[in-house]
Amino acid sequence: MAIKHLIDLSYEIAKEEYGSKEFTFNKIYNSLTSKPIANYPQLSIGELYQEMLQDSRFIYVGNEEWKLREFLTEEQIKNIDRNLYDITVESDNKVDAKAVDAEIEEEIEESEIDNEEEPSKESNSSDVEE
């Protein structure tokens, strides 16, 4: 139960000290450990980090930085997810992946045929000399 209280304190620290700005876990942890917290067991950095990962109020934005969800739009959150986890969010415009692959293969084949049809410069120069 103590960890839940610590995550709530972490949230309060993040909101008061950083608001809509990015912050690192270490800054939150250092602020938390510098406060006198009575009746709490030894603070486990690993447990607190795990709680931050699981708490939806905190969003990991990459490069060891976090933001509070309440200061992000849904579109910003989707972009963060796409960038961090290479997640493609479905849209109204659904794309048939097989059709796209077939189109790409066709373009590659056409490109290879075009390259084969172009005479090389060496053969052109020898034709001119004769």
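Which side chain meets that of aspartate 8 in a salt bridge? It's arginine 57, with 2.9 Å from N to O. Keep in mind that this is a predicted model. The pair ties together distant parts of the chain, as aspartate 8 sits in helix α1 (residues 2-17) and arginine 57 in the loop between α3 and β2, 49 residues apart.

**Salt bridges**
- The count comes to four salt bridges.
- Arginine 57 also bridges to aspartate 55, where the closest N and O atoms are 2.7 Å apart.
- Shared partners join Asp8, Asp55 and Arg57 into one network.
- Aspartate 55 counts as buried because its relative accessibility is 15%, under the 20% cut-off.
- Aspartate 8, at 32% relative accessibility, is partly exposed, and so is arginine 57, at 26%.
- Lysine 15 and glutamate 70 make another bridge, at 3.1 Å from N to O.

**Sheet**
- Three strands form an open sheet in the order β1-β3-β2, with antiparallel pairing.
- β1 (23-24) and β2 are the edge strands, each pairing on one side only.
- β2 pairs with β3 (residues 65-68) over four bridges, and isoleucine 59 stands opposite lysine 67 in β3.

**Largest pocket**
- The largest pocket holds about 160 Å³ of space.
- Its lining has 14 residues, with Leu53, Phe58, Ile59, Tyr60 and Tyr85 nearest the centre.
- α3 (45-54), β2 (58-62) and α4 (74-85) each supply at least two lining residues, and α4 gives the most, with four.
- By type, the lining splits into nine nonpolar, two polar and three charged residues.

Key: Residues numbered from 1 in each chain as written. Predicted model: local features only at pLDDT ≥ 70, side-chain atom pairs only at ≥ 80, totals over all residues. Heavy atoms only, no water. 1 Å grid on protein atoms, 1.4 Å probe; cavity = no way out; pocket = protein on both sides within 12 Å on 5 of 7 lines; lining within 4 Å. Points joined across faces, edges and corners; volume = space filled by probe spheres on them. Nonpolar A, V, L, I, M, F, W, Y, C, P; charged D, E, K, R; others polar. Pairing = 2+ DSSP bridges. Buried < 20%, exposed > 50% of the residue type's maximum accessible area, 1.4 Å probe, protein only.
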